[in-house]
Amino acid sequence: MSVAKKLASQTAVYGISSIVGRVLTYLLVPVYTARFAAAEYGIVTGLYAYVSFLNVVFTYGLETTFFRFANRAGADRQLLYDRVLSLLLVSSVVLAGLLAWQAGPLLQLLGLPPGHERYAVWLALILGLDAVAAIPFARLRLENKARKFAAIRMANILLNVGLNLFFIVVCPDVLAGKYLTGLQPLVTRLYDPTIGVGYVFLANLAASAFTLLLLGRELAAFRFRLSLEPLRPLLTYAYPIMLMGLAGMVNETLDRILLPTWLPEGFYPGKSSLTAVGIYGACYKLSIFMSLVIQAFRYAAEPFFFAQSTEKNSPATFAQVLKWFTLCCALIFVFISVNLEVFAELFLKRAEYREGIAVVPVLLLANLFLGVYWNLSVWFKLTDKTYYGTYIGAAGAVLTIALNFLLIPVLGYMGSALATLACYFMMAAICWWLGERHFPVPYPVARLLGWLLVATGVVALGWLVSVESYWLRQAWHGLLCAGFLGLMVAVEKPQRVLARR
């Protein structure tokens, strides 16, 4: 139990910072949807979809590789840290330089509107800075310095949010004479209205640069040591992780790239394809609450899994971790999906964005299965068979592309959401099936699938049973959530007591 409590404690620290930070970031969504038309927000959504792919390329699996090799017997962690960070520093400078140099042609190749080359340059710098910061952050996680990790992450997010609010809300309002008119001369020097939505990227760039300053102690301990021969086993382990990550990004973000291409003209009357991407991207953000839990858990669990791999009862520990992770995510799935009307009113300020909220329960469930897959993937990381992750990710990517091709022309962005759900479910199923043969863990699969079916039924009740009165409707939704939680406590509490005995 002490091991589980330690993981829970670490997850709580990472989780609080992630949840508070990401909630602050998500509070920008109402700002964006109020200040920018869906077509403008579609540019942000589209560019950040490509950034997700490039983040994987810039770090190319070295974070997980660092954890794996640092936990091997006799490992010199400082030497490993120096070598990995040296390699990442060189590659980040080269890749960021290439992206900035070819910004114009790349935007044309991606089919984005012309005149946004500076956005691509800023994103290239963001990618380079974030990649360099990845290994110092990994070192903090390895050394169980969760509080420092969380504090730096929070500082990054607070600066990002603050700059967004300053340039997107305060500066335009001051220039329009709504308030603080005495600051107009200063704002005129600081603010360029022609940048517009580009301030989203500029704020991100400033926050990424500030993060490196906060990691100064970790960077000061770094010594540049670049020798290719010792790096070969690291790269051999890392490249399947990178391929797996790229395949994962196909599954996670390719829909927002394919949607404007494969959506038939006039599918949504009076709306362009870029508008549809903006609507889908804003609604996708409502699934962020599931992503927050998965991200916080990953920060804590990745070093935990490697550290526990040598323990005799590690399979039983891994099974319990997956069980409670899935139950927590099922509660989130029910709560957000049943109360989606309230979340839409809070975060999607323009009515045009709310047209796509039906995709949110599908995306929440999809992200739940992604979290399950991440838990199950521990077997091929611990057995050094990371190439299986590449195969599984590639299979998911093929399914994602095929289903988007088939479903987007028929169902629009709902087709993309269903493709995401099918992909993550298949990846989790294949990973469990292969894990049973290579690294058996007594996961309570049937029990967890039963809970997910119950959760889906509760969500269906919330959507299908119509209550006209707003407050009675909210009471009905609250009753459904409380009933599901009560059922879970009633059923799982005896199991917990038995496990202690």
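Figure 1. The axes of helix α3 (residues 38–59) and helix α13 (residues 273–284) come within 7 Å and cross at roughly 70 degrees. Angles from 65 to 115 degrees count as roughly perpendicular, and α3 and α13 are therefore roughly perpendicular to each other. The crossing of α3 past α13 is left-handed. On the α3 side, the contact is formed by Ala38, Ala39, Tyr41, Gly42, Ile43 and Thr45. On the α13 side, Leu274, Thr275, Val277, Gly278, Ile279, Gly281 and Ala282 take part. Sorted by class, the residues of the contact of α3 with α13 comprise eight nonpolar, five polar and no charged.

**Figure 2. Helices α3 and α10.** Here the axes of α3 and helix α10 (residues 199–214) come within 10 Å, crossing at roughly 40 degrees. An angle between 35 and 65 degrees is neither roughly parallel nor roughly perpendicular, and α3 and α10 are therefore oblique to each other. Val44, Leu47 and Tyr48 of α3 meet Val200, Phe201 and Asn204 of α10. The contact of α3 with α10 has five nonpolar residues, one polar residue and no charged residues.

**Figure 3. Helix α18 (residues 359–376).** Helix α18 has 18 residues, which at 1.5 Å a residue should span 26 Å. Of the 18 residues of α18, 17 are buried, so the helix is largely enclosed by the rest of the structure.

Figure 4. Asn367 lies in helix α18. With a relative accessible area of 4%, Asn367 is buried, because the cut-off for buried is under 20%. Apart from neighbours within four places in sequence, Asn367 is in contact with Ser287, Met290, Ser291, Ile294 and Tyr424.

**Figure 5. The whole protein, for context.** The predicted model contains 23 helices and zero strands. Of its 501 residues, 51% count as buried. Among contacts between residues at least 6 apart in sequence, 85% join residues at least 24 apart.

How values were computed: Residues numbered from 1 in each chain as written. Predicted model: local features only at pLDDT ≥ 70, side-chain atom pairs only at ≥ 80, totals over all residues. Heavy atoms only, no water. Axes fitted to C-alpha atoms, helices over the stretch in contact; angles between N-to-C directions. Helix = DSSP H or I, 4+ residues; strand = E, 2+ residues; numbered from the N terminus. Parallel < 35°, antiparallel > 145°, perpendicular 65-115°, else oblique. Left-handed = near helix turned anticlockwise from the far one by under 90°. Contact = heavy atoms within 4.5 Å. Nonpolar A, V, L, I, M, F, W, Y, C, P; charged D, E, K, R; others polar. Expected span 1.5 Å × (residues − 1). Buried < 20%, exposed > 50% of the residue type's maximum accessible area, 1.4 Å probe, protein only.
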